[in-house]
Structure formats: C-alpha cells, structure tokens
Amino acid sequence: MTVALSGDEIGGRLEEQFPGSVVETGLNSVLVRSESLVKIATFLKTASGLEFDYLSAITSVDYNDYFEVLYQLTSIKHNHSLVVKTRCHGRENPTLPSVVSLWRGADFQEREIYDLMGIRFDGHPNLKHIFLWEGFPGHPLRKDYE
Amino acid sequence: MVGFNPDHGLFSYGLGALPPDWPGNYWLHWGLFVIIIIVFVLAMVMAFIYFERRGLGRLQVRLGPNRVGPFGILQPVADAIKILLKEDIVPAKGDKLVHWWAPVVAFAPALMIFAVIPFENGALLADLNIGILYIVAVSSVSVVGVFMAAWSCNNKFSLIGAMRTVAQIVSYEIPLGFSIIGVALIAGSLSMNEIVTSQNIPFILLQPLGFLIYFISACAEMNRTPFDLMEAESEIVDGYHIEYSGMKFAMFYLAEYVEALAISAIITTLFLSGWKGPLLPPFLWFLIKVVLIFFAIVWVRGTIPRIRVDQLMAFAWKCLLPLALINLFITGIEVIVLPQPLPWLIVFLNLAIMAILVLLWSKFFKLGGGRVEV
Amino acid sequence: MAIRTEPFVINVGPQHPSTHGVFRMRVTLDGEVIVDMEPVLGYLHRGIEKLAEGRTYTQNIPFTDRLDYLASMTNNLAYAMAVEKLAGIAVPERAEYLRVIMSELQRIASHLVGVGSFLNDCGAFMTPFLYMFREREKILDLFEMVCGQRLTYNYIRIGGVSYDIPEEFLPALDKFVREMPGFIDEYDQLLAENEILLARAKGVGILPKELAINTSASGPVLRASGVKWDIRKADPYSVYDRFEFDIPTGSTGDCYDRYRLRIQEMRQSVRIIKQAAEQLPQGEVLTRVPLRLRPPAGEAYGHIEGPKGELGFYLVSDNSVTPYRFHVRAPTLINLTALRDMMIGWKVADAVIIFGSIDICLGEVDR
Amino acid sequence: MRFERYGIGIAKGMALTFKHLFRKPITTQYPEERLTVSRRARGNELIWDKELCVACTACARACPHGCIEMVTSKGADDKRIVDKFQLDTGRCIFCGLCVEACPKECLFIGCGYEKATYRRQELVLGKEDLLLSDRKQPSGYARPKVEATLPEQTMLLNRKQYLDRVKKWLD
C-alpha cells in the first residue's frame, strides 16, 4: 500500500529546513511558496527517508484569484506519496520555477500546463505549445476563457 | 545472334504440327514466343496476385478477396481497372521526364528475363548459350528504374527507399551470381535449356547450399520480405513508388510480380529441374514448380519480420558471400575429382557440408550495427 | 577521409502507417541515422478536460471512454474511482470483482493491440496483428455482452458497474480463460524466438532504469526497464489485494523486453481473471448515486494501473454538479517524454519500432 | 542477427503460419452473414414509446452532448404533451444515459446499426422517426424485460466450426 505521508509532518520538516517556505499543510499535502519550490523539491528528492524519485503527475487548477499547481510525488523506493502544492498569482504572466531539471517527467506536463493554463515555467528547456498551435489565442483551461 | 534450333521446342514438343521449313520460321518463332511470353506473364501475374492475396489471407485466418467473380478470381482484373482509372499525378517539383520513364525502365528488364526461360524442352524465345549470364545482367537493370522513380519524385521517403535498394541489390547480386556458377559448373553450360536437360536429379539436391543462398538473395533481389526494405510499408511508406499513381504505379506493381514470377521460374529451371517430371505434361510441371516456389515466398512474407538496413548489408557480405564462395570452391573440387558423379554420394555429402557450414556460420557470424553515437 | 554529409529532416507522420494515429515526429537524419527527433502532438486534441467541466459527473463517463479508446474500461474505472474518492461512495463487493474482471480483460485486449501493432511495425506483414485481433475480438464480444458496445463501454459507473452480467457471461469467460493461454503460446511460437525479430528488437531503444524513473515512465515501459512498480501491487485498489499474481519485469529495457513483458502480463491477467471469476460473490452491483451528484468541495486523485501505465484522474469539486477541474494523468503522453533519448543514434527503421514498443494511443496523448 | 538457435525460431513461426492455412477463417461475410448482436446492444437509433411518455425531459437532461431536444407543453387535462422530440444521431454517442434516465421505461435504444445516410440532415430524427415500429428492434439495454425476449448473441468464442478445430490442438 502506498503510504500517503502526513502533510503536517513533512511540512514541519520542510519549515525546519527552509524557514518561511511552507504556507499551509493539509492531510497529505504541503502548500509551499513558489520561490522555494525548487529548493524544496530538491530536498524531497534527495533527503534520506523521503527520496521522492518519481513524479506521478503535475496538475494545475485555476481558482480565479490564483493558480494552484500540484505535484503528485511518489517514492518508488519507500512506496509513499505526497502532494506538493504551490500557487502563483496574477493573470497576465503567472510564472513558476520549472522542475524539469529534477524530474524530466515534468517536461511534457509543464508544457501542457503552459499551453492550456498559461503558466510559464522558468528554466524549462523547451517551453512551447504542445497541443495547440503556435499563436493560439488564450489559454482554454482558464475559467475566464471564452 | 539469337540462335534458333529447329530440333528444339515447338516443333518437337508443344506445337509439333509446324513443319521445320515453315517460311520465315525465325520470325514466326520470335513472334509466337513474344505473344506466348506476354500472355503467360500477364496471366500468371494476375494469378499470382490473386494467389498471394488469398494465400496470405488464409495464413492470417481470414479469407482474402472473394467478392469479385467466383471465389474472387476476378479481383486482379478489378484492381487493374480501378488503378487504370485513377488520376495520374506527377509531383509539382518532380522531374517529369524521369518520372515518366522510370516505370518503363523498371518493368522492361523484368519482362526481358523470360526470353531465356524454357517452358518446355526447347520452348523458349532464345536459347542463348549465355542464358544465365543474360538473366543476371538484365535483372539488375531494373534497379536503375527504381532509382529514377525515387529521384524524380522529389520525396525524401522515396529517396531513402532508393538508396536502400541500390545498396541492397548491388550487394546481393554477388552471392546470387556465385550460387548460379555452382549450378553452371555441374551442368557444364550456361544455357538455360541445357541446364535443365542435364538435371537427371534436381540440382537442389546437388547444390542445397547454393539453393539456399540463391533463394535468399533472390528474395532480396525482388524486394520481398524479409528484405522489403525499399518498400517498408511501416517505415518509409512504400518507398520509391510513394508518389506514383494510376498507370505508372500499375507498371511498378506489375514489375514487382513479374520479377517474382521470373525468380520463381529461374529457381525452377536452375534447381528444380525445370519442366522435367513424370506423368504430367512438361509445361504443367513447370507451372506447378513455379507456383510452389511462389508459395514459399508468400509463406515467408506471411511470417517473418523485416530486417534492418545495416543488418541486411552485413548479412550479404559477411554471411552469404563467404558461404557462396566456399560452396563454389567445394563444387569445383567435386566436379574435378568426380567427373562421372555418383549422384547420391554427392547429395549426402553436400547436404552434410551445408549443415556444417550453416551451423558454423551461425556460431560465429555476428551482425554489426547498433547504436551510433551522434 | 570522411565524406561530408548533410543532415536532412523528414516528417514521420502525422499521416503515417506506423504512428498509430496522428502523431508526428520531426526526425533529423544523417543518412539513415537519427540525430535528432522532436515529437509534435496535438492533432487529436479535443479539449476533453475543458468539455468535462461543463458536464455532470455521470455524463463525463462516456468522455473517458474516448480517451484511450483501446482501453475504455480502465478509463471508466479510474474516473469512477476518483469520483468515489471525492464523494465517499462505497462500492458493492460484486461490482469490485466485476471491475477487476473487466479491467483485466481490457488489459489483455489493449496489450494484444499493442503487441500486434509493434510486430507489424517490425515488418511481420499483418500476420501477428490479425492473430491477436482474433483474440481481441473475443474479448470485445464479452464486453458487448455485458454493456452492449464494443469500444465505448460506459460500463463502470460511479458506485459500481451499470448492470449485472448476463447469465451466459461466466461460461463464456470460462471458455475464454481456458483457451487464452494456448493462444498466448501460439504468439510466442510465431515470433518470440524469431532471429530477425531478436536482431531488430534486442538491445534497441534501451531505456535505462534511472531514466525511466526520472521521466515518470509508467506501466510496461517502466517495468521493462527493471523497476518493479505496479500500482495493483504497490497501492492495491479495488480488490486486487485478494488475488495472486506476479509482476513481470524486464532486465534491459529494450524493445524486446517491452514486447515480452506485455505477453507475460497477459498471462498474469488471465490468472487474475480466473481467480476473480471463481471468487465472484453475489449481491448488488451498483450503489445508487443521485444522477446529478454533488460531491463535497474538495479534491481527489484516483489512479489505477492501466494497460499503458499509471492512469490518474485528478478532480476538484466545488460542490456543484459539474467538476471544477478535471485532469487526466495520461500515461502515454508521459511515456513519450523519453522517446527522444531512446531514438537518438538508431536508424529510421528503429524509430518506428521504438515508437511502437511504447504502445501509445493518441486519443489519450492529445485528449 | 545471430543464428544462435540455427534458425529454429524462424522455422517455428513458419510452422505456425502453415498450420493456420488449415484453420477455418474467422471472417464474417458481412452483408450476407449477420451476427446476432448482444441482447444489450446499443445500436445507432433511439426508439420512443409515445403512449407511455410523460414528457419529463429526463432524457434530454441526461444527454452529455445535448443532442436530444424535447419541447413540452401543458395539455388539456393537466397532462404534459411532447411538442417536439428530436434526436441528432449525427452527434449522439450512443452512451445510453438517456435510456437509463427514463423513469417510465418508454425510451429504448435500438439494435439497428445500418444507419448511414447521404445527407447530414437525414441524421436528425424527429418525433415520427423515433416512434416504436415493427421495423425497429428495441434492445435490452437497461430494459431487463426486453432483454429476456431477445435471441442469444453470436460470439466468435462459441462459433462451432471454429472451436472444433481449435479444440483439437488444445487438448
């Protein structure tokens, strides 16, 4: 059984390691500041006992005032999982750091989010449209898309 | 000069009614055989297309075409009508002249092979004393047509296909030629007719390894599976004739089957003692053997995957060529040492030699190629 | 002396016999060797994620059928599980068993298509493909019997399955389970030891273990690289913990391993079906849920081991009748991430079989 | 390619394909030979029993595509009447949700599947086209009563001639 790690516990550990980076902790999720996302992701990937080597999925949700991006992390070694969330504000040019350097599985998924939700990922090696053609107006998955 | 031997052929066997002093007998012979060959080839190609599609269907637990005419026998006719009615498309940036000539250059040599195929004893258009050499020479011309087709289309897929074909056919000509020489050595002649008459037992028994090499290289010559790289439907989408349609495509399609027919006929002549056989009339024997060989080709097509281009080349140069050379060498020794051959001794000897050689090569032969660092 | 060569670009696809749909690869070639490859997606993008936001939870089930249309049952299952998680709906036991039977049948059907078309790409002209479609046909017959359709089942529902199986289903299933291993042996006999196939597929398109994990590959692609990761075992959903089965793994992660792995998984699926059919309890098959279901606000991620990899549905509810966000973790899209690494340095002919060995379905990649 | 097995693999495959020459083809000769569809078959038509319908529009609301259009009005004795009932089969995905939603069991999905037309307009079925008639066979999908009356589905698995041959080598 994949153990869903407690968000509070991990959040505490992260807060200890990187003060001020965790905004909120949930049942099995941690909401972190976008600035410290890469730092935290690196920690989660490498810290012994955690070792989240497998990025299951990246999802984005448009909550009108902000975008939330979720990283479903799994550790194949320890068979446990965690959801890391982060938010970005602003509808014009929301930006998040990219995690492709850590998990290459994020490559297409970040491109998909960029394409459909319009969130830019800094540090992505090839941030282009993936499903829609170049020059497609707007981002269809946003709630205000007409 | 094309030799005409009134003792042969028509006059003694098939259409024996014609007197030897028939006026203008050379031209009559010529005209008659041109008609016979064209009718035979076209009829057989139709039959082959039908046979292949039905046979392949049965190998694949389906029926194959069975709608047009009884048992779908008119399917090739329907195909032909359909294909002739199609629009003839020439790529806008293609080389129109070359595009036009390519099917002709590809088709004609395939047809020309039949000039020296004996349907019965002496029943052939031209009993050339260099018959088999003529076949090797003529059949390799069609690769020019293929390359012309690919070049004129201005299409990258067809160009890749053509590059593969040229490399392939040039390479496989060599083991093909060597395996033929083995037959010629035993028969003591290059004339197709004499090769058959000298086969008291089919040469497949005397030259088992030669047969194997010839069959494999011939499959490569006519681009049949597992060597159908130039078409490679799943990779380069039919290669050289990707841009062809209508009549021109039909020519290529026809050429392919004419070549298959020709190869089956050559194998029959060289290795399966041609028209010879008990009870049935010779022509029928010839036909039966041709169809059997063609069935083997279809059967292989229905089973085996395609090999890769580098493996294809390695197979020709590292496996077939040495084996063909050794085979030739051994045959030469046999012919010298045993001038009055004791056939059954040689049969078993050669079968043993084949088994040993194939096993040896299987052990040591390695196909190169793999990932290339880029 | 080196001959000066010039790379040239060909477009494999979008209309190409071996791209299994409308997928396009811009391949840069040096002679026959691939020096660069870029996948171009989106020709089948239908915006299902957006469409789903305007429909009720039940109405979305037919949409999930149309994601990976070769494995609709498992799509239904993953979605239904996500909604059940979101709304806290319990599923009757009989329904759980039926779900397992259906999704394992679906796994076999999907692998039959995957393996068949892979072998077809290798150049075995249609024969393995048609042999495998023969058995797939039998599975589709079974599906048609329970839900009335052969491709878009709409069978697994929120809270169970739509209808109980008809009485002639179990005898037919039994017959199928009995004869399937014989047919799998036949497939093995046909090509598994074929020297040409070995030469074509062994060592080709290697996906190393580390790279496979790093690129989030899943399903047979991940397992062929030697990672023993199967959600049916790692995170057992439904009633998978009650069955005995093995997770086959490959050793090198080449095309041949992926092909063999799928064949072995079919054998395991037959095993599971056999056990599930034996243990099948009586009872209800559907917990009644309101047609216009309003799950409490929240989010849920339901994932299963689909035939092609980890299929996940991420749903966000705002307590209305429609999902606020509907996201599909499409296994085949993510499996494509490593495609470039696998292809570089190989020949054009290999590109086709490497692509074929990943076994993608464009309906799911592009959504 | 290394012939470590001396070509045995190829020979095995060839033997198998040869064996298939003598098996019965599984092809269905479609227009002449028709298989009986499943009892729950979801064909390409909807069948409407006008007498039972109470015009609740549940079907129209259940449709994920909105391709069912139903306009109702109040009749004389306070009963609702259907003024317009239209199905666009060109857009319908035959998911069967409308049939399941029907509270009076007056909507059926049909077994028929040969519904090709030359014009798109002809795919839009009006009130009269949807009515129950002798030419249409309602399927048992979501209608257990109908299901019990329908003949058994033809399955490849059960095809006699085919199975006899398979049995021989299975045993």
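**Chain contacts and salt bridges in the predicted model**

Putting chain D and chain C together buries about 4000 Å², and carbon and sulfur atoms account for 55% of that area. On the chain D side, the biggest losses of area to chain C fall on Arg40(D), Arg42(D) and Leu157(D), which together make up 17% of what that side buries. As for head count, 48 residues of chain D and 46 residues of chain C take part in the contact. Everything here comes from a predicted model, so the numbers are computed from predicted coordinates.

Polar links also turn up between these two chains. There are 19 residue pairs in polar contact between chain D and chain C, counting pairs with both residues at pLDDT 80 or more. Four helices of chain D, namely H1 (8–21), H2 (58–62), H3 (97–101) and H6 (160–170), each put at least two residues into the side that touches chain C. H1(D) gives the most, with eight residues. Sorted by class, that side of chain D holds 27 nonpolar, ten polar and eleven charged residues. Salt bridges between chain D and chain C number two. In a salt bridge between these chains, Arg157(C) pairs with Glu100(D), with 2.6 Å between the closest N and O atoms.

Next comes the interface of chain C with chain A. Here the buried area is about 3300 Å², with 53% from carbon and sulfur atoms. In chain C, the residues that lose the most area to chain A are Asn214(C), Trp229(C) and Tyr324(C), at 19% of that side's buried area when taken together. The contact draws on 39 residues from chain C and 42 residues from chain A. Between the two chains, 20 residue pairs are in polar contact, again with both at pLDDT 80 or more. The side of chain C that touches chain A splits into 18 nonpolar, eight polar and 13 charged residues.

Five salt bridges are found across the interface of chain C and chain A. Lys128(A) and Glu38(C) form a salt bridge, their closest N and O atoms lying 2.8 Å apart. Over all chains, the salt-bridge count comes to 50. The Lys128(A) pair crosses between chains, running from the segment after strand S8 (120–122) of chain A to strand S3 (residues 33–40) of chain C. Lys128(A) counts as partly exposed because its relative accessibility is 31%, and Glu38(C) counts as partly exposed because its value is 22%.

Some salt bridges sit within a chain. In chain B, Arg308(B) bridges to Asp310(B) at 2.9 Å between the closest N and O atoms, and both Arg308(B) and Asp310(B) are buried. In chain D, the side chains of Glu122(D) and Arg119(D) meet at 2.9 Å, N to O. Glu122(D) is partly exposed, given its relative accessible area of 38%, and Arg119(D) is also partly exposed, at 48%. Chain C has a salt-bridge network that links Glu104(C), Arg107(C), Arg223(C), Asp230(C), Arg232(C), Glu265(C) and Glu305(C).

Finally, a strand of chain C. Strand S8 (residues 325–329) of chain C is mostly covered, with five of its five residues buried. Cover is found on both faces of S8(C): Arg325(C), His327(C) and Arg329(C) are buried on one side, and Phe326(C) and Val328(C) on the other. S8(C) runs antiparallel to strand S7 (residues 309–317) of chain C, and five bridges join the two. Opposite Val328(C) in S8(C) stands Phe313(C).

Conventions: Residues numbered from 1 in each chain as written. Chains lettered and ligands numbered in written order. Predicted model: local features only at pLDDT ≥ 70, side-chain atom pairs only at ≥ 80, totals over all residues. Heavy atoms only, no water. Contact = heavy atoms within 4.5 Å. Buried area = accessible area lost by both parts, 1.4 Å probe. Salt bridge = Lys/Arg side-chain N within 4 Å of Asp/Glu carboxyl O. Polar contact = N/O pair within 3.5 Å; in protein donor to acceptor, adjacent residues only side chain to side chain. Nonpolar A, V, L, I, M, F, W, Y, C, P; charged D, E, K, R; others polar. Buried < 20%, exposed > 50% of the residue type's maximum accessible area, 1.4 Å probe, protein only. Pairing = 2+ DSSP bridges.
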